[in-house]
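Please look at the sequence and the model first.

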Amino acid sequence: MRTMPPESARSGARHKVAGGKTFGARAAAALRPGNAGVVYALVLIVAVLTLLSSQMGRPSYLSPTNVINILDQSSLVAILAVFTTVVLISGNFDLSIASVSAFGAAMALSLVGSLGLPLAMAVALAAGLVCGAVNGLIVQLVGINAFIVTLGTMTAVRGLVLILTDGRTITAKDPEAQRALIALQSGYWTVPHILAILGVAALVVGAAVALLARRTGGSPLKGAVIAAAGLVVAVLDPVLGFELRLSKPTYYLIVIAGVTWAVLRYTVIGRRLYAVGSNAEAARLSGINVNRYRIGAFVLNGLGSGFVGVLFAAKLLAINPTGLQGTELTVLAAAILGGTSLFGGFGSVLKSVVGALILFTLDNGFNVLNLGANYQGVIVGTVVIVAAAIYTIAGRQRQVRRVRDSGAAPQSPEESGVEPERQESLR
């Protein structure tokens with residue numbers, strides 16, 4: 001008589017099989033146009049600009065110098081887009097980011113000569129934090145629409161910039177202060193053997209993921225793939241001898257975007273923030289402090305805006321009353337290109353960064369191709385509208401599929417094509 005295996009063994013086997021399918025389903029979902037469309041768009045734009053520049057006899061568009069310049073030019077807007085995406089995910093809106101950044105820049109330049117860079121930078125960050133807190137408290141505790149509140153604070157803070165600068169351009173006149181500001185923002189950091197570093201890191205992470213999966217009864221396939229890829233990359237480093245040479249703001253962007261993405265993707269804070277943006281009432285009933293998370297998103301956005309203001313001051317060593325005016329629209333365009341929903345609960349900071357890269361890649365390409373400024377605005381505006389339309393239609397189609405399939409059989413999150421961040425928020 002054949003002996004049936006214990007139920008625990010059978011459930012473990014089912015879990016392992018499901019784990020293997022889950023990894024494949026996640027990989028397939030991540031590559032779908034609805035999820036990775038912004039990445040495909042960036043690749044297509046770069047390919048077209050490279051081909052056009054080659055046909056017109058222009059310098060190579062993908063030259064290391066040009067790539068570094070694009071990353072450097074987009075870094076400040078991309079940092080703002082990261083924090084703005086957090087606010088949008090929470091279900092709110094912030095139009096005051098450019099004014100707050102200009103206010104932080106004015107504060108830093110006004111105080112750096114007398115207080116030194118560390119204290120002046122601390123004051124600028126504190127000013128941005130206070131502006132974000134005011135926005136969050138008024139929106140959440142008073143109950144005024146975020147669009148109205150941040151539109152008002154945008155105008156009010158811009159008035160503070162005008163008062164602080166006395167309507168004139170202010171500069172850092174002290175040579176020591178200038179050197180400190182230049183050291184903060186200017187220059188490049190070169191990281192040798194970057195492939196070896198990334199390969200070893202991927203090897204360690206893959207081994208840890210595989211070990212954790214085996215201990216929990218899951219499939220170690222995902223960790224094994226990561227470890228194998230890391231090993232290949234590490235082995236290639238001596239052959240390619242690749243060095244990473246990027247500007248300091250680009251490294252700031254990499255760190256900020258990476259940490260923010262990890263928090264949103266893998267922590268309880270991130271899952272609750274997505275839940276708050278998806279359905280605030282359901283999140284409140286489940287025990288989540290909605291006001292805390294939404295106010296915290298505004299505070300973080302204000303703090304990030306103050307930091308960008310300091311970097312802007314360090315870049316130009318000057319600020320005028322109209323500095324950074326209109327940047328908030330570019331930041332929102334980057335978030336929209338990245339697929340972030342203006343209604344909350346859906347978005348990715350990494351895709352917002354790619355959206356910023358698309359905008360600056362287009363701008364840089366227009367300059368390389370010597371295309372007039374009149375056409376630039378038309379093309380960029382059209383790209384934003386088309387991207388918003390694509391994401392809206394894709395979202396409706398996903399909803400229709402979910403409603404249609406829900407009557408037949410339960411659908412796994414990986415098969416639904418929903419972003420991993422949104423999936424986590426629903427768990």
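## Basis

The model is predicted, and local features need pLDDT of at least 70, side-chain atom pairs count only at pLDDT 80 or more, and totals for chains, interfaces and linings use all residues. Residues are numbered from 1 along each chain as its sequence is written, and side-chain values use heavy atoms, with hydrogens and water left out.

## Helix α5

Helices are DSSP runs (H or I, at least four residues), numbered from the N terminus. Helix α5 covers residues 117-142, which is 26 residues. From first to last C-alpha α5 reaches 36 Å, close to the 38 Å expected at 1.5 Å a residue (1.5 Å times one less than the number of residues). After α5 comes Gly143, with a positive phi near 90°.

## Ile79 in helix α3

Ile79 lies in helix α3, residues 64-89. Ile79 has a relative accessible area of 0% and is therefore buried (under 20% relative accessible area, 1.4 Å probe, protein chains only).

Beyond its neighbours within four places in sequence, Ile79 is in contact with Pro249, Tyr252, Leu253, Ile256, Val308 and Leu311 (contact means heavy atoms within 4.5 Å). The C-alpha atoms of Ile79 and Phe307 are separated by 9.3 Å, and the two residues are 228 residues apart along the chain.

## Helices α3 and α14

The axes of α3 and α14 (residues 327-337) come within 9 Å and cross at roughly 65°. Axes are lines fitted to C-alpha atoms over the stretch in contact, with angles from 0 to 180 degrees between N-to-C directions. The two helices, α3 and α14, are therefore roughly perpendicular (65 to 115 degrees).

Conventions: Buried means under 20% relative accessible area, exposed over 50%, partly exposed in between (1.4 Å probe, protein chains only). Angles under 35 degrees count as roughly parallel, over 145 as roughly antiparallel, 65 to 115 as roughly perpendicular and the rest as oblique.
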